[in-house]
Each structure stands twice: as C-alpha cells, then as structure tokens.
Amino acid sequence: MRAWLGLAAALFVIGAAHAADVNDPVWDQAPGQDAWAKAYPARAASAGIAGAVKMKCAATTAGQLSNCSVIQEAPTGEGFGAAALSLATQMALKPADAEGKPVAGRSLIVPVKFEPALLQHPGTIIGLPDWFRKPTQDEMLQFFPADAGGVAGKTALECIVSTRGLLQKCEVKMEAPQGHGFGAAALAMSSVFLMRPMTRDGLPVGGARVIIPINFGEGYSGPVEGRITVLRAAPWMSTPTAEAMAAAFPKSSVGKAESGHVVLRCGIRNDGSLRDCDTLSETPSSRGFAGAARALSKDFRAYVDPKKDHLANVRVDVPFDFRDTSQGTTPGEVYDPIWLKRPDPNQVIK
C-alpha cells in the first residue's frame with residue numbers, strides 16, 4: 001500500500017465545476033504527509049486555519065502535472081494557492097485514465113484541501129511561539145502614554161513572529177479605555193519584545209500569528225518623562241547600510257552570539273540627526289550590542305522642518321537587529337507584499 005493513499009481526503013480530482021479533459025484519472029504518485037506539512041503555510045498552520053485550492057493542470061506523457069495554475073483559493077491571502085502549486089511537482093498520474101485512454105496533453109482540475117490534521121504526524125513536530133524576552137516593569141513605564149493621566153489601561157496586539165523571533169505587522173485588536181494612547185504605546189513597545197519563533201521539526205519558521213495582552217498602569221500613579229512625545233518610527237532620509245550593520249557586530253561576540261537586538265530611545269536635532277540615545281533594551285546583555293547600536297546612531301537622519309517641528313520634547317525608538325554574518329544569514333521575510341508584477345505559475349511549475 002502506497003503511503004500517499006492515506007491522503008485521499010486532502011487530494012482528489014473532479015470535473016464538475018470546470019471543464020476538464022481527464023475526468024477519471026488514476027493517481028500514481030502524491031506528496032507524502034511530511035511534504036504536506038512542510039508546504040502548509042506557516043501563518044495558517046499556527047492559527048489552525050484550513051484551506052481549499054483548485055488547480056488546473058495539464059498532463060504529460062509520463063503522467064506528470066505541468067502548466068498548473070490556481071483557479072480558486074479559499075481563504076485568500078493565507079498562501080494556500082502557492083502551497084498547492086509547490087506540491088504539484090510531487091503529483092503524478094498513471095499514463096492512462098480509468099478507461100484506458102492516454103492522459104498526455106489532456107487537462108484536469110485538481111482540488112487540494114489543507115486541514116490542520118495534516119500537521120499532526122509523528123514525523124513532523126510543530127512548536128508554537130513562546131516568549132524569549134518580555135519587557136520589564138521599568139521598560140513598560142518608559143512607554144506609558146503621557147495622555148493617560150495615570151489611568152490604568154489594557155490592550156491586545158496581534159503580531160506575526162519572524163524567523164528571528166521579532167514581532168512584525170502588529171495591529172491593535174483591543175484597547176480599553178480608548179482615547180488614552182494605550183494602543184499606540186503597545187505598538188511602540190512591540191519593538192522590545194523577543195519570542196522564540198514557531199518551529200517545524202526543530203527548525204525556526206516565520207509567519208506565526210500571536211495575540212499579546214498588555215496591561216498598563218497597575219499601581220502606577222502618573223505619566224513618566226513629563227510630556228515627551230515618543231515616535232515609533234521617523235521619516236528617515238538615511239539609515240545605516242547593511243555593510244555598516246555587519247561591520248558593527250561586536251568582535252567579541254562573533255561566533256558566540258548568532259544575533260543581538262537593541263532598542264534605543266533618542267532625541268532628534270534640528271538637522272535630523274539623533275542625540276542623547278538611551279538603551280531601552282539589549283538582548284543578549286553585556287555583549288557589546290548596545291555600544292554598537294549607539295555607534296550606528298550617527299548614520300541616521302530624519303526629515304525635519306525646524307520651522308514647523310518642535311523637537312525639544314520628541315523622542316524616537318530605534319530598533320537594531322544584529323546578525324553574525326560569519327554564521328550565515330537568514331533570508332529576509334516579507335508578508336503581504338504589494339506586487340508590481342505577480343509571478344506567473346505557468347512559468348514556475350514545469
């Protein structure tokens with residue numbers, strides 16, 4: 001019995017919804033369950049989201065699928081279409097259908113279902129994201145909104161955890177009471193969070209979504225730092241180059257720490273340069289990463305208009321993500337890109 005026969009619930013063929021030349025094919029090869037688990041979109045896997053895709057493909061003389069394209073995908077935006085296309089290269093038909101007719105050159109519709117149960121396989125171990133570093137109480141006070149007036153508040157963020165454990169594309173899902181700045185404060189504070197990313201068979205995988213509840217002001221009587229305005233980001237005209245970031249990696253940590261993460265809070269001069277930078281967080285600590293970040297702060301320039309911008313009480317939080325290039329680099333991760341030109345599946349799947 002072929003191992004792939006157990007995947008009949010995930011892969012099957014019909015010809016009712018769309019015209020197809022092969023209505024009764026005989027499968028000779030299908031992806032194994034490990035392949036399904038690896039193709040399952042990471043963000044959907046962590047959230048337990050199921051998906052359904054229909055591909056239209058052509059059959060070669062050998063029964064391989066070619067020129068596949070996605071004709072239906074639900075839900076959209078979760079990556080199920082691309083995942084199905086990546087599995088098409090591991091699917092193959094018998095050279096003849098159930099009636100004994102050759103399949104070469106004929107088309108077929110391949111519905112593919114992704115179910116969370118596909119991930120529950122002894123050969124695939126999924127580890128969910130977990131905390132590596134939470135902000136301290138002192139750090140939380142640094143982000144307490146000046147407009148809160150000493151009122152306690154709570155909020156919840158929904159974020160994507162990158163392969164590096166950084167939080168990306170955070171959104172405020174809940175804020176109470178509203179109008180006091182707690183949501184914006186939580187977004188700003190997300191730069192000091194570090195998590196252990198989701199893992200698949202022990203390897204880190206980006207794309208997992210997490211919900212983070214945050215409580216402000218328990219036992220706190222008033223705003224800190226007067227009426228300082230803290231920017232989460234500034235309109236940068238210049239920032240350190242990738243080469244400068246690589247060169248700034250502390251020599252004493254090369255080969256000892258794969259990465260470092262620092263957040264500085266800095267003032268802004270009238271020419272847009274940074275001043276009086278304080279370290280909000282440093283992970284790992286005492287390895288030279290904070291000093292490297294402060295040295296790089298001279299390469300930042302923000303666009304400012306001294307005639308309009310009142311900069312005396314403005315601060316900006318600047319995160320730094322250092323990587324030891326001697327240990328290899330992790331590819332950059334982009335979620336929900338804005339496409340100028342979409343890839344053509346017919347040019348990708350051969």
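Phe 80, Gly 81, Ala 83, Ala 84, Leu 85, Leu 87 and Ala 88 are the buried residues of helix α3, where buried means under 20% relative accessible area, exposed over 50%, and partly exposed in between, using a 1.4 Å probe and protein chains only. Seven of the nine residues in α3, which runs over residues 80–88, are buried, so this helix is mostly covered.

Before we go on, a word about what you're looking at. This is a predicted model, in which local features need pLDDT of at least 70 and side-chain atom pairs count only at pLDDT 80 or more, while totals for chains, interfaces and linings use all residues. Residues are numbered from 1 along each chain as its sequence is written, and side-chain values use heavy atoms, with hydrogens and water left out.

Now zoom out. The protein chain has eight helices and 19 strands; these are DSSP runs numbered from the N terminus, with helices being H or I of at least four residues and strands E of at least two. Of the chain's 350 residues, 44% are buried. Take the contacts (heavy atoms within 4.5 Å) with a separation of 6 or more: 78% of them are between residues 24 or more positions apart.

Next, the aromatic rings. Rings of Phe, Tyr and Trp (its six-membered ring) pair if their centres lie within 6.5 Å; planes under 30 degrees apart count as stacked, over 60 as edge-to-face and the rest as tilted. That rule gives ten aromatic pairs. One of them joins Phe 249 and Phe 289, edge-to-face, with 5.3 Å from centre to centre and 80° between the planes. Phe 249 sits in the loop between α6 (242–248) and β16 (259–268), and Phe 289 belongs to helix α7 (residues 289–296), so this pair ties together parts that are 40 residues apart in sequence. Phe 249 counts as buried because its relative accessibility is 4%, and Phe 289 is buried too, at 0%.

Phe 289 has another partner. Its ring centre is 5.8 Å from that of Phe 322 and their planes are at 40°, so this pair is tilted. Since Phe 289 is in helix α7 and Phe 322 in strand β19 (residues 314–323), the pair ties together parts that are 33 residues apart in sequence. Phe 322 is buried, with a relative accessible area of 0%.
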